[in-house]
Amino acid sequence: MSHVADPLAVLGTRWAESECWDLKWRGFFRLRPELVARAPLRFLDWTIDGQPLRDRLAFANGRACEDITFLSEGSYGDPFAIESLRALLGENESGFDPWVQFTDGRAGLLFCPQCGDLECGAVSADVRFTRDAVEWRDIAYQSGVTEDTGTSEIPVFSLRFDRAQYETTVRGLLAEWGPLPAL
């Protein structure tokens, strides 16, 4: 995989919506499944230089990336949201690691919009820190079962950020989402 990154990018966020569906069973003698739309889920989407990260993640078949962050409206204080941010700072040392990081250490950037489980797969990156920069290496769709990125359905790429700007953005979100609630 390539470790060549673009010039320094600016990490940001913006509110976005994800379609949500419920599975309902219809009929009496012949049950049949039916998807019923519900209110869209609002979440903070990662932006790179003002453009949504998800726009760079088109699948080979042209399908858009539908994965989302754990930073959804009303999820303030949610341990998954908090730990996903800590993983992006290299500070994730809680029992939530398996929910926000793969066993190879790659951090989840975007997760399944239905369940958030890494078993469904996720967009992930190898997050590396230097004195002045943070790099998301080899951003790819990672299989939740095999944890393989080698057969990625999206083109693999890397991004580099100014460390001060990156940490200000992620720590600001961490402060906004609140401390981990007591269990």
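Thr 169 is buried, with a relative accessible area of 18%; buried denotes under 20% relative accessible area, exposed over 50%, and partly exposed the range in between, with a 1.4 Å probe and protein chains only. The model is predicted, so local features need pLDDT of at least 70 and side-chain atom pairs count only at pLDDT 80 or more, while totals for chains, interfaces and linings use all residues. Residues are numbered from 1 along each chain as its sequence is written, and side-chain values use heavy atoms, with hydrogens and water left out.

**Two residues**

Thr 169 belongs to helix α3 (residues 163–177); helices (H or I, at least four residues) and strands (E, at least two) are DSSP runs numbered from the N terminus. Its side chain makes a polar contact of 2.9 Å with that of Gln 165. Such a contact is a pair of N or O atoms within 3.5 Å; within protein, one must be able to donate a hydrogen and the other to accept it, and residues adjacent in sequence count only if both atoms are side-chain atoms. Apart from residues up to four places away in sequence, Thr 169 touches Leu 11 and Gly 12, contact being heavy atoms within 4.5 Å.

Asp 162 lies in strand β7 and is partly exposed, at 32% relative accessibility. A polar atom of the Asp 162 side chain lies 3.2 Å from the backbone nitrogen of Ala 164. Beyond neighbours within four places in sequence, Asp 162 contacts Leu 8, Ala 9 and Asp 132. Asp 132 is 30 residues away along the chain, with 6.2 Å between the two C-alpha atoms.

**Nonpolar core**

The largest nonpolar core has 40 residues, and those with the most contacts inside it are Trp 46, Leu 53, Leu 109, Trp 136, Ile 139 and Tyr 166. Elements giving two or more residues to this core include β2 (32–48), β6 (133–142) and α3. A core is a set of buried Ala, Val, Leu, Ile, Met, Phe, Trp, Tyr and Cys residues joined through side-chain atoms within 4.5 Å.

**Pockets**

A pocket is an open set of points on a 1 Å grid over the protein atoms alone, where a 1.4 Å probe fits, with protein on both sides within 12 Å along at least five of seven lines; lining residues have an atom within 4 Å of a point.

| Pocket | Volume |
|---|---|
| Largest pocket | about 290 Å³ |
| Second largest pocket | about 180 Å³ |

The largest pocket is lined by 16 residues, with Ser 18, Arg 54, Ala 64, Cys 65 and Glu 66 nearest its centre. Strand β1 (residues 11–26) gives the most to this lining, with 5 residues.

Key. Points joined across faces, edges and corners; volume = space filled by probe spheres on them.
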